[in-house]
Structure formats: structure tokens, C-alpha cells
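Hi,

Here is the structure I promised to pass on.

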Amino acid sequence: DDLCLLAGRVLSYAPKILFPGNLQGGPQTLQSLFSCAIAGMFVHHRDALISIYSFFYRLLTCGAKELETLMVEGGPVLVRRVMAGIAGAVPKAYLQDLGECLWNAVLLGNKIQARSTLPVAGKLGTSWLYQCLETIPVGVLTNQEKQSFITAVDTSLDGKSMSMRELNKHVKELANICRRNDKATEAAQACLLGH
């Protein structure tokens, strides 16, 4: 709880500590914080979850160029963990936080792709989401439901026809489908978390 709370405050008030340019230690510290927050995403502690999701929000919206390297490697892991949270790894009370985290991670991934010379076809962030949804069995989530969710996220990213509030409705619908019974939740978790 306190680590992510402090890291989030550093991102808000003194980001040069984590993005120091040519100073040593910044990238390793940022990678360690990112890994720690990823590991804590499913802890059953209200304050800790709020701090972790707040840290991710601040990190993903800070606009630092140094974040691109971290997200190319860590973005797929973050999106997969967020999707696991939506599918039932955390209580429904955190769906809005998870929706915002997902939106910001996919948006940042797509921006990285647009500025990058990486040999990756399409939108990088959207491809992370697509890969996650493809791992969920059709018995839990139909292909039409998967495509509908990807379309909702893509539509919300253009900012013209869908708001974050509307995207959160789609996140809640997806969560309800994946959480409709214990068997569906367990199957989704097994695929997304590799259990």
C-alpha cells in the first residue's frame, strides 16, 4: 500500500526521480516499482488496491518518453493482469479502476506504435488486448463478445463517440459474463493467469 502510494506521489510531484534522463538508477527503480505493482494487483486489501491502481493511472498518464521501453515489454503483462481482474480476480468494486487502467495501457501502447519503428503490425496496445481475449475459451466468452469488447475499447480511444463512462459499462458487461458462475470465472482466470 505505502510503496505504491509513495510512488504515485513521486510521479505527481517529482517525476524526475523516476525519469532522471541520464542519472543512474531511474529505469531500474521504475522497472522494480512496475513489477511490484503488477505482483500486488490481486491482493485482497482495499487501500493497497486503491494505491496500486492510482499508481498505474499516474504512471500511464505521465507522458514520459522513458515509459515507452517499459511498456513495450510490460504492457502485455499489465493488460493481461487487468483483464484477469475484470474477469474475477478482484472484487467488482474495482471495475472502474480496472477499466481506466486498461484504457490508458491500450492507449499508451497504441501511441508507442504510432511513434515507433518497431516491426509490429497494427496498434500495439489493441494487439495486447486482442491476445488476452483470444486466450479466454469460447465457452466463457464468445467470439462476438470478444470482438464487441475490442470494438468498444477502440471506439473509446478515438474519443469522439464513446466516453470513459460508456467504456466502463462494457467493462462491467464483460465482467458479468466472465463472472456468471464459478466455472466460467475459473476458466477465464486459468487462461489469463496461466494457472
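**What I found**

With a relative accessibility of 3%, Ser156 counts as buried (buried is under 20% relative accessible area, exposed is over 50%, partly exposed is in between, using a 1.4 Å probe and protein chains only). Ser156 sits in helix H7, residues 143-158; helices here are DSSP runs of H or I with at least four residues, strands are runs of E with at least two, and both are numbered from the N terminus. A polar atom of the Ser156 side chain lies 2.7 Å from the backbone oxygen of Val153.

Before going on, some housekeeping. This is a predicted model, where local features need pLDDT of at least 70 and side-chain atom pairs count only at pLDDT 80 or more, while totals for chains, interfaces and linings use all residues. Residues are numbered from 1 along each chain as its sequence is written, and side-chain values use heavy atoms, with hydrogens and water left out.

**The overall picture**

The protein has nine helices and zero strands, so you can read the pattern along the sequence as α-α-α-α-α-α-α-α-α. Of its 195 residues, 46% count as buried. If you take the contacts (heavy atoms within 4.5 Å) with a separation of 6 or more, residues 24 or more positions apart account for 65% of them.

**Helix pairs**

Two packed helices are described by the angle between their axes and the distance between the axes. The axes are lines fitted to C-alpha atoms, for helices over the stretch in contact, and the angles run from 0 to 180 degrees between N-to-C directions. Angles under 35 degrees count as roughly parallel, over 145 as roughly antiparallel, 65 to 115 as roughly perpendicular, and the rest as oblique.

Start with H3 (residues 46-60) and H4 (residues 67-89), which pack at an angle of about 140° with their axes 12 Å apart. That angle makes H3 oblique to H4. The crossing of H3 and H4 is left-handed, a label used if the near helix is turned anticlockwise from the far one by less than a right angle (right-handed if clockwise). On the H3 side the contact involves Phe56, Leu59 and Leu60, and these meet Leu67, Leu70, Met71 and Leu78 in H4. By class, the residues of this contact divide into seven nonpolar, no polar and no charged. For the classes, Ala, Val, Leu, Ile, Met, Phe, Trp, Tyr, Cys and Pro count as nonpolar, Asp, Glu, Lys and Arg as charged, and the others, Gly among them, as polar.

H3 also packs with H1 (residues 2-13): their axes come within 8 Å and cross at roughly 25°. H1 and H3 are therefore roughly parallel to each other, and H1 passes H3 in a left-handed crossing. From H1 the contact uses Cys4, Leu5, Ala7, Gly8, Arg9, Leu11 and Ser12, and from H3 it uses Ser51, Ile52, Phe55, Arg58 and Leu59. Here the classes come out as seven nonpolar, three polar and two charged residues.

How do H4 and H9 (residues 182-193) cross, and at what angle? Their axes come within 9 Å and cross at roughly 170°, which makes H4 roughly antiparallel to H9. H4 brings Arg80, Arg81, Met83, Ala84, Ala87, Gly88 and Ala89 to the contact, and H9 brings Thr185, Ala188, Gln189, Cys191, Leu192 and Leu193. That contact has eight nonpolar, three polar and two charged residues.

**A few single residues**

Cys101 belongs to helix H5, residues 95-115, and counts as buried at 3% relative accessibility. Leaving aside neighbours within four places in sequence, Cys101 is in contact with Phe56, Leu60, Leu78 and Val82.

Cys62 lies in the loop between H3 and H4 and is partly exposed, with a relative accessible area of 30%. With neighbours within four places left out, Cys62 is in contact with Phe19 and Leu67. The C-alpha atoms of Cys62 and Ser12 are 8.0 Å apart, and the two are 50 residues apart along the chain.

Back in helix H7 you will find Asp158, which counts as partly exposed at 42% relative accessibility. Asp158 and Leu107 are 51 residues apart along the chain, and their C-alpha atoms are separated by 9.4 Å.

Cheers

Notes
Polar contact = N/O pair within 3.5 Å; in protein donor to acceptor, adjacent residues only side chain to side chain.
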